[in-house]
Amino acid sequence: MEDGGTRHLGCCVVDVNELSANPEGLSAAAVTVTPKLRQLEFSIACNDLAASGRDRKPNALVQVAVIDPQKQQLVFHACTEIVEANKDPLFLTGVTFPSEYPDSQDSLVKLTVYDAKNKSQESSSFLGSATFSIGDLLRAKDGRLTLSLRSSDGVCPAGTVVVSRLKMGEMEEADHIATDSSSQKCPLVCEPADQPCIDREDYALTGPVFRNPVCKVYRFQTVDSKWMLVREQMEECTLSFTIPKQLLSLYIQEDRSRVQDLEELGELSPHWDNLRKEVVTRYGGIIGSYQETLAELDKISGSFKPSCCKAQKSLEFIPINLHTQRMRVTCPQKTDALYDIITVGAPAAHFQGFKCGGLQRLLSRYEAEKKSFSTAYQCIYYSPQHTAKAQEVLSTVSLLQPLITSLADQLLQAALEHSSSGLKDALKSLSDKTEQFVHTLKDELVKSALLALHAARPGYVSKSQKQTPVLCHQQSQGGDLNHSPVQGLPGHSPVTESPVACNNVKGGDGGSLKHQDSIPHHKEYDEEEWDRVWANVAKCLNCVIAMVDKLLEGDNSKPEPAPEQQLADVITSHNPGDWREQLSPLVTRLKECVLEVVEKAKRAMTFVLLQEAVCSIPQGLHLQQRRDVVFSQALAALACGFVMRLYAGLQDKDFLRQLHLVGLVAQFESLLSTYSEEIGMLEDMETGISDLQRVTFKITEAKADDLSDLQPSVCGRRDHFTVEVPLPQVIFQTLPEEIKEGRPLRVFPVLFNVGINEQQTIAERFGDISLQERINQKNFEILEAYYKTLREKVPLECLPCFQTQTDIKELLETLGQNVVTKKRKNVEILWIAGTICRRLNGIRFTSCKSAKDRTSMSVTLEQCALLRDEHQLSKDFFVRALDCMRRWASLQSAFPGRRWALGGPRGRCRDGKQTSVATLLSHCPAAC
């Protein structure tokens, strides 16, 4: 609790005095402001340890277990690092108990000291043990207990163990320290700082999104012989499952809508009708598959997918090993610093495999082959740009049509109320949305697609068929057949054959009847009809605008009558419904024209997508499923990172300003090799990260205080998704107006990859790394463009400050040079990109195949480098700090119900081996 009644929880500062005056607000923010008991954290040191051998000093480590006084069970809880060859070891790894565990001060803590013969702890000997209660430590005056170790025989002295509660504001002196200078004395706990620290859960990740925290606390020495406290907190994220489940529901809904649109195309020729049925059948298979997957996910209550399940079909939409990790650093006389990172396995279709490559290669090959498919199925080839445009038109008109109808009704309501201001406001909104609607449909693709759809109707006869049968016979003998009935229209391939010349002929039997006209003709079809229908919307809008101007002008030109006369006019002659009566026919006509345009445009664009789906039948729909899988994993990770970054920045006005003016950069660091199946993973990941550009975020006000109301939700279609992040009312009201009004918040995803394992060595010597080079170059350009935009809209003084004052522009120049430099395993690219991301208030992600070995080594090295560069970590403690964070601790034994992929917070090597700093990023395990 801060002075003045302020609590810091989850990086949200809430004034309790204000909440006490507003009980409803307190209820709405219950999940955020509920006070918690303080965590219990303590450090361990030993004195005068007796080694198992006479001529050697012990390699000491301490295991910590809890004895439940009621159940009388011994539960393993934590383990320190190994301090080699020291009889007076001071352990840098502390012990953390969460606020809810142990649940009683009578609970006993047992400390067992071992002499480890090697770092794998496979061979160790018992030195002694000691027991104390939680209450003993809490009641100790100086927060320190000195306990005698009991040896196995109970006779020989085994030494003592010192338990010191980690608490800010107190100074202690160490009698020893495990460095080369064993006589050096340093304070065990930080000097008093402006803010109380580690025994208060100020910056814990709270709320409905993050759960199952695992905390570790360390103390490291600074260059000025003082001590910093470092606290790691790793948590699972519920979005690992909730986001994919919502996406699956949206995919099912979108595909069902697509099937309905296909069925509403109306009557088609036998050839096209058969193709439509085949496409509908394929979509039905996808919908059924997604429904089965969703049903399986609904049975799972967890929030974490371990790497051993990465190839499991029912979990293929779930990201692998998704965790948040926060490092909090407390140094003397300095404000606490937070460093966040999200670790996740590479977003990729592991279940489908990588035998034929990943999405990037498969999509390129598919686009090249689609033209031949269009000829085989007698379809029109549409480029990816035209297909995307068709999806955009469908999405936009579906959104704008009901909005225009609603605004038109508001205009009539304002006319009924005889409100001049209301009429002006409603007309302005109606004009803006109608103009946007008209602009969307001002595209030749719609017109050409209507012509093609008309040619696919039953009974269609092309102009060439009106020629003599002799001409048809000559054509069948091999005349000039280079032109299609739809050739020359936008989006149509000049080499595509005629879909059908006479649609009374089934299948492709009429495919040999061709002609030299470039546009289909029909006696009942007016080629200018679309232009007239489309233009009628604008004309109707102009009529409405003119009528409103006339009504307002007439209202303003009336002389101001005397009060008595004004009352008489209102009673006898003035009818408030006059405005509505005059406007109603024009507004009705506008809505009818909009509806007519929507129906025609919807059928035209659906026909475009039908042809695209027909050409996709061999493999395109399978690729769409693969893309859905990869995107689901990537979006779950991005949403997790966005929420984490938002929670941390709710107090930062400069950050919130940057958020709504420009958006955030999300930097994905990948350590995949460009060899064997990992090439396919990287190709999947590249496409998945790129697809995140179609995502925006929106912050909303939570409707209630229920946890489910604070869960982020996803809405939209494949061409664009919006993630809504609800916040409690008391928090939401403190945000800038632009964010509260629902402004879309953009995220700029960038991906940088540098392979670092033995497989990458083979790729660089004998293989091809062009994929990695292209990815890095492309994403550097995106990052550079983001910085230019940020510099134009936000003062650089608003960005966070760091001890290393290298200019961001200089860092970008250095990154650009490294991207184009031919250098093996150039990890400088990752270091510089990560630094730039933090300088830009961005979101950091680190990935490898399963987010285990390579990821853990990269994250721990980054954390130690931050401690060195930003917090003056002593050189003598750099390697020790790195070893502590990577220490193999059997967390699965401590938490048997958990499914951690590693032995503790991110940074535990799976095989327990210590890896030197020099070889960290060049000799990683080949597979993880």
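**Pockets, strands and cysteines**

Trainee: Why is Cys640 called buried?

Mentor: Cys640 has a relative accessible area of 0%. Buried means under 20%, exposed means over 50%, and partly exposed lies in between, using a 1.4 Å probe and protein chains only. So Cys640 counts as buried.

Trainee: What kind of model is this, and how are residues numbered?

Mentor: This is a predicted model, with residues numbered from 1 along each chain as its sequence is written. Local features need pLDDT of at least 70, side-chain atom pairs count only at pLDDT 80 or more, totals for chains, interfaces and linings use all residues, and side-chain values use heavy atoms, with hydrogens and water left out.

Trainee: What makes Cys837 count as buried?

Mentor: Cys837 has 2% relative accessibility. That is under the cut-off, so Cys837 is buried.

Trainee: What makes a space a pocket or a cavity?

Mentor: Both are sets of points on a 1 Å grid over the protein atoms alone. In a cavity, a 1.4 Å probe fits but cannot get out. A pocket is an open set with protein on both sides within 12 Å along at least five of seven lines. Lining residues have an atom within 4 Å of a point. Grid points are joined across faces, edges and corners, and the volume is the space filled by probe spheres set on the points.

Trainee: What is the volume of the largest pocket, and which residues lie nearest its centre?

Mentor: Its volume is about 1400 Å³. The lining has 42 residues, with Ala388, Gln391, Arg694, Arg718 and Asp719 nearest the centre. Helix 8 (residues 384-416) gives the most to this lining, with ten residues. Helices (H or I, at least four residues) and strands (E, at least two) are DSSP runs, numbered from the N terminus.

Trainee: How do you sort the lining of the largest pocket into nonpolar, polar and charged?

Mentor: Ala, Val, Leu, Ile, Met, Phe, Trp, Tyr, Cys and Pro count as nonpolar. Asp, Glu, Lys and Arg count as charged, and the others, Gly among them, as polar. That gives 16 nonpolar, eleven polar and 15 charged residues.

Trainee: How many cavities of 30 Å³ or more are there?

Mentor: Five. The second largest cavity holds about 70 Å³. Its lining includes Glu686, Pro749 and Lys778. Helix 17 (677-691), strand 19 (745-753) and helix 21 (770-793) each give two or more residues to that lining. The lining divides into four nonpolar, three polar and two charged residues.

Trainee: What makes strand 15 mostly covered?

Mentor: In strand 15 (residues 664-670), seven of its seven residues are buried. Leu664, Ala666, Phe668 and Ser670 are buried on one side, and Val665, Gln667 and Glu669 on the other.

Trainee: How do you know that strand 15 pairs with strand 19?

Mentor: Two strands pair if DSSP finds at least two bridges between them. Strand 15 and strand 19 have seven, and they run parallel. Leu664 stands opposite Val747 there. Strand 15 also pairs with strand 20 (residues 843-847) over five bridges, in the parallel sense.

Trainee: Why are strand 11 and strand 17 called edge strands?

Mentor: They belong to an open sheet of ten strands, in the order 11-12-13-14-20-15-19-16-18-17, with mixed pairing. Strand 11 (210-221) and strand 17 (713-717) each have a single partner strand, so one side of each lacks a neighbour in the sheet. For strand 17, five antiparallel bridges join it to strand 18 (residues 720-727).

Trainee: What makes strand 4 largely enclosed?

Mentor: Seven of the eight residues of strand 4 (residues 60-67) are buried, so the rest of the structure largely encloses this strand.
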